[in-house]
Amino acid sequence: MSEAAPPREPDQIDGVPSPEECRQVVGHDAVLEALDRLAGAARMPSAILLHGPRGIGKASVAFTVAQRLLTANGDESAERVAAQIASGAHPNVRVLRIAPKEKGAGFESAIRVERVRALIDSLHQTRGRSGYRVCVVDSIDDCNASSTNAMLKILEEPPAETVFILISHRPGSLLPTIRSRCRAYAMRGIADADVRAVLATLAPDAEGEAIERAVSLADGRPRRALEAMLLGQQQALGALHDWLSSPATHPDGAHLAIAEVLSGRNAVAEASFAREMIDNWLADEARRHAGAGVAGRFALASVNQLWEKAHALFADADSLNTDTRQTLIAVLDAIREHDEPARVAAIEIQ
């Protein structure tokens with residue numbers, strides 16, 4: 001039996017192919033078609049920013065774009081190019097992400113400036129093969145201040161026939177000068193049917209009930225669906241999902257029972273998943289009220305305060321090792337308090 005290849009990403013899921021190995025992207029046809037048109041018209045931008053929620057397939061899209069661009073401008077078959085990218089052996093593809101530690105197990109905490117400088121040096125050398133070069137940065141959010149500034153310099157003066165594809169889960173935190181150098185494409189979660197299609201490929205032996213449960217928790221994110229399947233039958237996460245759909249209409253003590261289960265000694269992975277669900281709910285709530293114009297102004301201010309409070313509470317829990325149960329209760333209490341006036345206001349407007 002062959003030894004499993006070491007993970008390429010710090011959060012790579014065991015048994016799930018890396019984005020480089022993805023051969024079929026599901027649910028993001030519009031972005032791929034837009035970039036295909038630019039490539040076909042010889043108008044490919046030097047820098048592309050793919051941004052959206054974590055786990056929806058942005059990196060898979062990036063490597064698919066690389067494969068199509070290199071195939072269209074080279075003399076090798078699409079299968080050959082895809083195989084080289086998958087193995088990390090294509091001479092015209094560079095990947096910049098958090099690297100494994102030089103000593104010991106695990107990964108570094110950020111993309112270091114030394115790695116960005118090494119990338120820049122390699123891009124100024126003779127290319128391994130004629131035609132385009134593609135550099136995928138997965139993700140630009142992982143750069144610290146020094147490495148971000150180094151990236152900005154190469155984006156300002158990119159080498160000829162070189163395309164940078166930057167991936168971001170939090171585009172609002174990027175430097176405006178980084179964003180201004182890129183053609184940005186906003187990506188969203190994919191349809192439930194597309195999530196099912198991904199699971200059918202990556203987890204062909206999964207039972208239908210497990211797939212449906214994972215899809216309901218995924219919120220359009222295939223990665224999250226896979227994580228849910230690894231957690232197994234978690235009723236507390238399903239209960240939290242239902243509660244977040246309408247916090248103010250559930251009985252007063254419903255969230256207390258959810259927090260009790262998720263704070264159990266053996267529920268560390270479930271609690272982490274729950275925090276991401278809450279974070280996603282806050283982001284969706286902010287987008288919903290931001291699109292409501294003047295009518296949503298007060299609710300948007302409320303959700304912004306809620307965002308700051310929730311993140312402060314979770315940060316305290318991480319740094320001070322405060323009680324998980326009390327932290328979850330405090331966050332869910334705040335969500336319920338926010339949702340009640342927002343729901344009343346929405347009814348009055350209607």
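# Close-ups of a predicted model

**Figure 1. Strand β1 sits beside β4 in the sheet.** In β4, the bridge partner of H51 is S168. Helix α5 packs on the sheet, where it touches β1, β2, β3 and β4 (contact here means heavy atoms within 4.5 Å), and its direction makes about 140° with that of β4. Such angles run from 0 to 180 degrees between N-to-C directions, with axes as lines fitted to C-alpha atoms, for helices over the stretch in contact. Back in the strands, L50 has I167 of β4 as its bridge partner, and five bridges in total join the parallel pair β1 and β4.

This is a predicted model, so to speak a computed picture throughout: local features need pLDDT of at least 70, side-chain atom pairs count only at pLDDT 80 or more, and totals for chains, interfaces and linings use all residues. Residues are numbered from 1 along each chain as its sequence is written, and side-chain values use heavy atoms, with hydrogens and water left out.

**Figure 2. The whole sheet, strand by strand.** Five strands form an open sheet in the order β2-β3-β4-β1-β5, with parallel pairing. The edges belong to β2 and β5 (183–186), each with a single partner strand, so one side of each has no neighbour in the sheet. Ignoring direction, neighbouring strands of this sheet are turned by 15° against each other on average.

**Figure 3. β1 is covered on both faces.** Five of the five residues of β1 (residues 47–51) are buried, so the rest of the structure largely encloses this strand. Buried means under 20% relative accessible area, exposed over 50%, and partly exposed in between (1.4 Å probe, protein chains only). A47, L49 and H51 point one way and I48 and L50 the other, and all are buried. In a regular strand the side chains alternate between the two faces of the sheet. Over at β5, four bridges hold the parallel pairing with β1, and I48 stands opposite R183.

Figure 4. Strand β2 (residues 93–96) pairs with β3 in the parallel sense over four bridges, with R94 bridged to C135. Strand β4 (residues 162–168) runs parallel to β3 and is joined to it by six bridges, and V134 stands opposite V163 there.

**Figure 5. Two crossovers that share β3.** One right-handed β-α-β unit is made of β2, helix α4 (residues 113–123) and β3. Another consists of β3, helix α5 (residues 145–156) and β4, right-handed as well. Right-handed means that, with the strands pointing away from the viewer, the path from the first strand over the helix to the second runs clockwise.

Figure 6. Helix α2 (residues 58–72) has 15 residues and reaches 21 Å from its first C-alpha to its last, close to the expected 21 Å (1.5 Å times one less than its number of residues). Of its 15 residues, 13 are buried. V65, found in this helix, is buried with a relative accessible area of 7%. Not counting residues up to four places away in sequence, V65 touches L32, L35, M44 and I165.

**Figure 7. Helix α3 against its neighbours.** V81, A82, Q84, I85 and A86 are buried in helix α3 (residues 78–87). The buried residues of α3 pack against α2 and β2.

**Figure 8. N280 in helix α12.** N280 lies in α12 (residues 268–290) and counts as buried at 8% relative accessibility. Setting aside neighbours within four places in sequence, N280 contacts D219, R221 and R224.

Figure 9. The protein averages a pLDDT (the predictor's confidence in each residue, from 0 to 100) of 89, and 95% of the residues score at least 70. Among its elements, strand β1 has the highest mean pLDDT (98) and helix α14 (residues 324–349) the lowest (77). Over residues 344–350 the pLDDT is below 50, and beyond near neighbours in sequence this stretch has one contact in the model. Where pLDDT is low, the predicted coordinates should not be read in detail.

Methods. Two strands pair if DSSP finds at least two bridges between them.
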